[in-house]
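Walk through this structure with me. We will take the rings, then the spaces inside the fold, then a few residues of the backbone.

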Amino acid sequence: MSITKDAGSRKDSKASIITTGKLEKPQEREASGVYRDKVSWAAVFYKSIPDAVSLAGIKYAFNPREVRWRRILWLVLVAAGFGLMSYQTIERCQFYFSRPMSVDVTVEYHRSVPFPSVAICNVNAFKASLISRTAVGRFLHDYSLSGRKAAERLAQVEASRGILSRFNTSVLYQTFGHRLQDAIMFALWNGERLTMDNFTLKFTDWGLCFAFNDKENGLPPLRVSSYGMSYGLDVKLNVEQDEYFFQPQVRQGVGFQVMLYDYGTEPLIESDGFAVSVGTETFIGAEIIEHHYKEAPEGDCKNKTLKYFDTYGHSECLLECATDFYILHCNCSTIVKTEAPQCSIYKYLSCILPTHELFLQTAPCRCPRPCFSRRYSASVSSLKFPSSLWANVYSGRFSENASHFRENLCAMSVYMKDLSIRQVRQHLDYSFFSLLSDVGGALGLWLGGSVLTFFEVLDLIGHSAFVYTARLSRRR
């Protein structure tokens with residue numbers, strides 16, 4: 001009886017093994033990482049989400065053992081959190097790639113600071129006693145007073161082509177312009193007397209100017225170690241109003257156009273200069289402002305290589321751009337020295353002036369912001385000059401009426417207000433780590449996750465693909 005019982009027991013045990021094998025073979029535990037042969041990649045991905053991704057509520061939304069209404073509720077909440085997180089992340093990414101910038105302004109004090117270059121330009125271009133009796137002078141007289149339309153003025157220029165082709169622009173200004181020794185009566189630098197060798201003739205967009213502390217003079221740049229009116233440039237100027245004459249640019253005022261600029265750069269008197277009137281003593285207190293900008297990809301500054309200048313600056317770029325534009329349309333240059341011939345008076349009046357209007361309208365220049373620039377901010381104040389006392393003194397000394405000096409003389413003092421340099425530095429306002437912090441904050445706020453959650457999702461996708469591919473290869 002025991003033998004029969006044992007045999008039945010072995011039979012039942014064998015049947016149980018067979019039965020158990022048939023039931024357990026197609027159903028495999030999720031924890032073991034083994035799946036049915038016919039399971040899809042989506043099913044593998046779906047079943048792995050609750051254990052692989054650490055997001056708040058996701059274990060309820062993708063758990064098949066939960067009731068449907070609870071899964072739907074948590075799925076809606078997770079989807080809403082994902083949407084809000086995505087919106088905030090995209091907005092932060094757009095802000096990051098816009099490269100937002102901010103500037104820091106600091107004031108640094110030094111024992112000495114660079115003194116500015118000073119350009120002094122008479123409002124009047126030509127001296128009447130030199131040009132009035134020439135053929136060019138008679139043409140400029142008629143041209144300036146004609147008041148004709150543009151077409152009639154061009155016909156007038158064409159009729160005098162032979163006369164106007166004899167002179168180029170620089171020769172005309174140097175031959176018939178005001179003389180340096182006549183314009184500058186007296187000059188001091190830090191209390192020491194200056195000579196004419198300390199000044200140089202400089203051809204600018206305003207015409208022929210007198211420049212102090214300019215690179216073209218060949219002297220090293222000046223620095224000052226003290227500030228105030230007693231330390232700097234003190235100059236007395238004679239505008240020679242009795243010698244004023246007509247010129248192509250109709251300027252009806254009297255006085256000087258002055259500009260402070262950095263040593264080694266080119267001045268644009270037309271846009272950055274300021275006026276100094278006759279009969280005044282003008283005090284010009286200068287402050288230094290240095291701008292430092294970021295290069296790409298953080299910023300937008302760029303130091304281009306220029307053909308006609310050794311260093312890059314905004315004024316140099318504009319001058320070079322305008323010069324190339326004039327050479328292309330008129331086959332001559334005006335201010336900048338190039339291989340092209342310098343424009344004659346005929347070319348200047350018949351081509352350069354009309355082309356300049358086209359240049360302003362088309363704006364062909366692409367001049368990026370320089371990464372470094374130094375500018376001088378001028379604080380200007382003035383007094384009447386000379387006083388009645390000194391007008392009488394000058395009258396007795398030079399045998400002229402006192403009114404003559406009030407109508408022709410002016411004094412100018414250029415000095416540093418202090419020995420500081422205002423530094424304006426640009427820096428990136430939103431870094432990559434700030435972006436990561438905001439993205440992580442959005443994940444934590446809306447989904448209870450972190451930046452590592454992104455890597456968990458990537459790992460889940462890769463793992464699901466690997467498992468599905470491995471099972472697919474075993475089936476084959």
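Rings of Phe, Tyr and Trp (its six-membered ring) count as a pair if their centres lie within 6.5 Å; planes under 30 degrees apart are stacked, over 60 edge-to-face, and the rest tilted. This is a predicted model, in which local features need pLDDT of at least 70, side-chain atom pairs count only at pLDDT 80 or more, and totals for chains, interfaces and linings use all residues. Residues are numbered from 1 along each chain as its sequence is written, and side-chain values use heavy atoms, with hydrogens and water left out.

Start with the rings. The whole structure holds 13 aromatic pairs. One aromatic cluster is formed by Phe115, Trp189, Phe199 and Phe212.

Next, charges over rings. The rule asks for NZ of Lys or CZ of Arg within 6 Å of the ring centre and within 35 degrees of the ring normal. Arg153 sits over the face of Tyr143, 4.0 Å from the ring centre. Arg369 lies over the face of Tyr293, at 4.3 Å from the ring centre.

Now the spaces. The search runs on a 1 Å grid over the protein atoms alone. A cavity is a set of points where a 1.4 Å probe fits but cannot get out. A pocket is an open set with protein on both sides within 12 Å along at least five of seven lines. Lining residues have an atom within 4 Å of a point. Points are joined across faces, edges and corners, and a volume is the space filled by probe spheres set on the points. Helices (H or I, at least four residues) and strands (E, at least two) are DSSP runs, numbered from the N terminus. For lining classes, Ala, Val, Leu, Ile, Met, Phe, Trp, Tyr, Cys and Pro are nonpolar; Asp, Glu, Lys and Arg are charged; the others, Gly among them, are polar.

How large is the largest pocket? Its volume is about 860 Å³. The lining of this pocket has 33 residues, and Asp205, Tyr326, Ile335, Tyr348 and His356 lie nearest the centre. Elements that each supply at least two lining residues include helix H9 (169-176), strand E6 (199-204) and helix H12 (314-330). Helix H13 gives the largest share, eight residues. By class, the pocket lining has 20 nonpolar, nine polar and four charged residues.

The count of cavities of 30 Å³ or more is one. About 90 Å³ of space lies in the largest cavity. Among its lining residues are Asn122, Tyr173, His178, Trp206 and Phe210. Strand E7 (residues 207-212) gives the most to this lining, with three residues. The cavity lining has five nonpolar, five polar and no charged residues.

Last, the backbone. Asn213 lies in the loop between E7 and strand E8 (223-224). Its phi is near 60°, a positive value in a residue other than glycine. Is Asn213 buried or exposed? Buried means under 20% relative accessible area, exposed over 50%, and partly exposed in between (1.4 Å probe, protein chains only). Asn213 counts as buried, because its relative accessibility is 7%.

Asn190 also has a positive phi, near 55°. Asn190 is in the loop between strand E4 (184-189) and strand E5 (192-193). At 32% relative accessible area, Asn190 is partly exposed.

Finally, Phe385 and Pro386 are joined by a cis peptide bond, with omega about -15°. Pro386 lies in the loop between strand E13 (372-384) and helix H14 (388-398).
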